[in-house]
Amino acid sequence: MKKLFLLLLFTVVVLVACASPYDPAPQLLPSYVKNVYVRPVVNNTNQYGLEDKFTKAIIDEFMRDGRLSVVTTEEEADGVVVCEIKRYVLQPLTYDENMVTEQYKLWVLINAFFIDKHENVTLWAEPNMEGIQIYADSVKGGFGGMTEEEAREYIWEKLARDIVKRTIKGFGSTGGISERKVQD
């Protein structure tokens with residue numbers, strides 16, 4: 001009976017311990033970082049002009065958030081946002097009876113980094129951030145649909161929000177890796 005009680009007690013303790021989620025200490029932006037520079041996005045795809053609109057979306061999101069000011073040169077910045085567009089894939093998903101595409105999936109993959117100019121270190125890195133939008137083609141008469149350009153704008157806005165959130169709120173806010181160490 002005593003062994004059964006101990007086994008039951010051990011099981012309860014293990015279940016309670018597993019129920020509490022791991023909550024890492026936040027890795028917040030250093031207090032001396034008051035402004036950022038958004039380096040022009042590098043476009044490594046064959047789609048022309050993606051980089052300009054994505055750079056603008058990131059700058060607009062930092063300005064909308066208002067916690068960090070955006071500067072016009074890298075020399076006067078406390079931190080630098082660096083992004084590269086790695087992939088741009090437009091995939092047809094559904095077709096009508098005449099084999100005309102009705103629905104698409106737009107998938108964009110980027111790498112994003114934040115560099116601390118004072119310490120000259122990368123504070124965070126988000127390799128393989130992805131933006132996905134599934135949409136019905138409004139040009140071909142899809143009800144409630146959008147164009148590829150509108151889907152792309154939606155993805156830029158979402159990725160820009162994720163970059164700003166990652167910069168201000170720290171590790172774990174959007175996923176990815178960080179080079180910062182946990183303090184002892």
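1. Asn-43 is part of strand β2 (residues 42-43), and two bridges join β2 to β4, with the strands running parallel. Strands here are DSSP runs of E with at least two residues, helices are runs of H or I with at least four residues, and both are numbered from the N terminus. Two strands count as paired if DSSP finds at least two bridges between them.

2. Before going further, please note that this is a predicted model, in which local features need pLDDT of at least 70 and side-chain atom pairs count only at pLDDT 80 or more, while totals for chains, interfaces and linings use all residues. Residues are numbered from 1 along each chain as its sequence is written, and side-chain values use heavy atoms, with hydrogens and water left out.

3. On the antiparallel side, 15 bridges join β4 to strand β5 (residues 101-116), with Thr-94 standing opposite Gln-103 in β5. The two strands form a hairpin with five residues between them, and Met-99 in the turn has a positive phi of about 65 degrees.

4. Now look inside. The largest nonpolar core has 33 residues, and Phe-54, Ile-58, Ile-110, Trp-156 and Ile-163 have the most contacts within it. Such a core is a set of buried Ala, Val, Leu, Ile, Met, Phe, Trp, Tyr and Cys residues joined through side-chain atoms within 4.5 Å. At least two residues each come from β1, α2 (50-65), β4, β5, β6 (121-136) and α3 (148-169). Helix α3 gives the largest share, eight residues.

5. Phe-54 shows how these pieces meet. Leaving aside neighbours within four places in sequence, Phe-54 is in contact (heavy atoms within 4.5 Å) with Val-41, Cys-83, Ile-85, Ile-110, Trp-156, Leu-159, Ala-160 and Ile-163. A second, separate core of six residues includes Tyr-37, Val-80, Val-82 and Ile-115.

6. Leaving aside neighbours within four places in sequence, Glu-61 is in contact with Ala-160, Arg-161 and Val-164.

Note on methods. Buried means under 20% relative accessible area, exposed over 50%, partly exposed in between (1.4 Å probe, protein chains only).
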